[in-house]
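I opened this entry to look up a few side chains, the core and the pocket. My notes follow in the order I checked them.

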Amino acid sequence: MFPRGEAVHFSEHARAIGVPAHAILLEPKAANTGQNIAYARDVITAAGVRPRSVLLVTMPYVERRACVTCRKQWPEVEVVCASDPLSFDAYLKAMGERRQ
């Protein structure tokens with residue numbers, strides 16, 4: 001679905017809906033939730049940002065894992081998690097059929 005990666009896709013979408021490019025920090029290397037949090041934390045802190053809280057926006061079936069992982073890896077920030085109410089079946093249907 002995202003041949004250039006989710007980070008690139010979602011940053012382009014954010015810019016398309018009006019988020020200024022200078023407000024986006026991109027982390028395109030992560031391959032799983034744990035890496036995504038660790039690498040994003042590194043990018044954020046390297047940019048000189050020291051957040052007191054972070055908002056994780058995920059798919060519903062990833063929300064709990066992402067929240068717990070973030071709290072474990074980044075204990076000094078308050079973690080808030082959110083997801084769109086979407087069943088797993090509805091998510092799969094929205095993704096379309098994957099062909100091997």
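I started with Arg-41. Leaving out residues up to four places away in sequence, I found that Arg-41 touches Gln-73 and Trp-74. I placed Arg-41 in helix α2. Then I checked the spacing to Gln-73. I note here that the model is predicted.

Next I turned to Thr-69, which sits in helix α3. Not counting residues up to four places away in sequence, Thr-69 touches Gly-34 and Ile-37. The side chain of Thr-69 has a polar atom 2.7 Å from the backbone oxygen of Arg-65.

Which elements give two or more residues to the largest nonpolar core? I listed its residues before answering. The core has 12 residues, including Ile-37, Val-54, Cys-67, Trp-74 and Val-79. The elements giving two or more are α2 (33-46), β1 (53-58), α3 (60-73) and β2 (78-83). The largest share, 4 residues, comes from α3. In soluble globular proteins, nonpolar side chains tend to be buried together.

Setting aside neighbours within four places in sequence, I found Val-79 in contact with Val-54, Leu-56, Cys-67, Cys-70 and Arg-71.

Thr-58 came next. I found Thr-58 in strand β1. Is Thr-58 buried or exposed? Its relative accessibility is 18%, so Thr-58 counts as buried, the cut-off being under 20%. Beyond four places in sequence, Thr-58 touches Glu-63, Ala-66, Ala-82, Ser-83 and Asp-84. I checked Glu-63 in detail. Its backbone nitrogen lies 3.3 Å from a polar atom of the Thr-58 side chain.

Last, the largest pocket. I recorded about 1,800 Å³ of space in it. How many residues line the largest pocket? I have 43 on the list. Glu-6, Ala-7, Phe-10, Asn-36 and Val-57 lie nearest the centre. I sorted the lining by class and got 31 nonpolar, 7 polar and 5 charged residues. At least two lining residues come from each of α1 (6-16), α2, β1, α3 and α4 (88-95).

Note on methods. Residues numbered from 1 in each chain as written. Predicted model: local features only at pLDDT ≥ 70, side-chain atom pairs only at ≥ 80, totals over all residues. Heavy atoms only, no water. Core = buried A, V, L, I, M, F, W, Y, C linked by side-chain atoms within 4.5 Å. Buried < 20%, exposed > 50% of the residue type's maximum accessible area, 1.4 Å probe, protein only. Contact = heavy atoms within 4.5 Å. Polar contact = N/O pair within 3.5 Å; in protein donor to acceptor, adjacent residues only side chain to side chain. 1 Å grid on protein atoms, 1.4 Å probe; cavity = no way out; pocket = protein on both sides within 12 Å on 5 of 7 lines; lining within 4 Å. Points joined across faces, edges and corners; volume = space filled by probe spheres on them. Nonpolar A, V, L, I, M, F, W, Y, C, P; charged D, E, K, R; others polar.
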